[in-house]
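Here is a quick tour of one model, written for someone who likes to check things residue by residue. Have the structure open while you read.

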Amino acid sequence: MSLVHIPAEEKRRVLEELADVKELFAARNWFPGTSGNLSLRVGEMDGDRFHFAITASGKDKSKRTPEDFLIVDQEGRPAETTGLKPSAETLIHCEIYRLTGCGAVFHVHTVFNNLISEYYGEQGAVPLQGIELIKAFNIWEENAAIAVPVLPNYADISAIAKLVPGVLNEQVPGILLRNHGIYAWGRDTFEAKKHLEAFEFMFETVYRSLLLNK
Ligand SMILES: CSC[C@@H](O)[C@@H](O)C(=O)COP(=O)(O)O
Ligand SMILES: [Zn+2]
């Protein structure tokens with residue numbers, strides 16, 4: 001294991017920020033059945049090298065405990081002495097950081113993101129058009145249209161991670177896994193949360209408009 005030194009104050013800030021987001025999302029029932037994972041980058045990207053704090057695997061994410069997070073490196077390996085196991089989906093976080101240079105990656109399972117990912121699963125992308133909240137992605141064009149990629153939900157997470165470079169769209173800070181959930185990211189906690197909330201609002205809107213227009 002190659003250990004990383006993170007100044008105590010920086011580590012405290014990162015873990016507290018993650019714990020606060022986790023608590024907020026848990027209150028929205030965004031972590032049913034221990035699902036979901038959250039991560040926040042620690043320090044700057046150093047070429048291909050970076051570190052981030054991520055939720056430990058299989059925890060009850062509605063609880064706040066000293067064993068909720070650990071620091072990992074760009075390959076998803078623990079970078080501190082810990083008995084904690086990183087999220088089973090850490091490799092997807094690694095790939096998103098590597099490709100985008102973002103600062104935070106949030107993954108949640110919701111009923112709306114599951115239903116919408118399945119509905120558009122064969123198409124490989126969820127079309128979103130003319131919804132005001134597209135502006136949350138800094139897209140200001142009138143009646144803008146975007147497509148949110150949907151990847152197959154392979155049991156092998158590294159197989160999913162390998163597909164990320166092929167579907168990543170610079171303008172769209174999110175990827176759905178079919179019948180599973182969404183990954184949303186941003187330059188920091190504020191932006192990743194904003195993006196995730198915008199996606200969830202739009203998935204619910206699309207779901208309800210599909211029903212209305214039946
Ligand atoms: C218990 S169902 C959810 C898991 O299979 C997984 O998809 C998930 O999001 C949480 O895994 P975790 O290893 O706790 O980060
Ligand atoms: Zn998941």
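## Ground rules

Helices (H or I, at least four residues) and strands (E, at least two) are DSSP runs, numbered from the N terminus. This is a predicted model, where local features need pLDDT of at least 70, side-chain atom pairs count only at pLDDT 80 or more, and totals for chains, interfaces and linings use all residues. Residues are numbered from 1 along each chain as its sequence is written, while chains are lettered from A and ligands numbered from 1 in the order in which they are written.

## The annotated span

UniProt, in an unreviewed entry, has the annotation "domain: Class II aldolase/adducin N-terminal" over residues 16–207. UniProt positions follow the numbering used here, feature names are shortened, and annotations may be inferred rather than shown by experiment.

Which residues does UniProt mark with the feature "binding site"? They are H107 and H109, again from an unreviewed entry. H107 is in strand β4, whereas H109 lies in the loop between β4 and α3.

Burial here is a neighbour count: a residue is buried if 20 or more other C-beta atoms lie within 10 Å of its own, exposed if 12 or fewer, and partly exposed in between, with C-beta atoms placed from the backbone. H107 has 27 other C-beta atoms within 10 Å, so it is buried. H109 has 18 C-beta neighbours inside 10 Å and therefore counts as partly exposed.

Contact means that two residues have C-beta atoms, placed from the backbone, within 7 Å of each other. Not counting residues up to four places away in sequence, H107 touches G36, N37, E89, G181, I182 and Y183. With that exclusion applied to H109 too, the list for H109 is P32, S35, G36, N114, H180 and G181. G36 and G181 turn up for both histidines.

Is G103 buried or exposed? It is buried, because 22 other C-beta atoms lie within 10 Å. Its contacts, leaving aside neighbours within four places in sequence, are L40, R41, G186, R187 and D188. R28 is another story: G103 and R28 are 75 residues apart in sequence and 23 Å apart in space, C-alpha to C-alpha.

K59 belongs to the loop between β2 (49–55) and β3 (69–73). It counts as buried because it has 20 other C-beta atoms within 10 Å. Beyond its neighbours within four places in sequence, K59 is in contact with T34 and D68. From K59 to G33 the C-alpha distance is 9.2 Å, across 26 residues of sequence.

Neither is a glycine, yet phi is positive: near 65 degrees for N138 and about 55 degrees for N143. N138 is exposed because 10 other C-beta atoms lie within 10 Å. N143 is exposed too, because its count is 8.

## Helix against helix

Axes are lines fitted to C-alpha atoms, for helices over the stretch in contact, and angles run from 0 to 180 degrees between N-to-C directions. Angles under 35 degrees count as roughly parallel, over 145 as roughly antiparallel, 65 to 115 as roughly perpendicular and the rest as oblique. The axes of α2 and helix α4 (residues 157–167) come within 8 Å and cross at roughly 20 degrees. That angle is why α2 is called roughly parallel to α4. On the α2 side, L91, I92, E95, I96 and L99 meet I157, S158, I160, A161, V164 and P165 of α4.

For helix α3 (residues 111–119) and helix α5 (residues 189–212), the axes come within 9 Å and the crossing angle is roughly 60 degrees. These two helices, α3 and α5, are therefore oblique to each other. F112, N113, L115 and I116 of α3 make the contact with E200, F203, E204, V206 and Y207 of α5.
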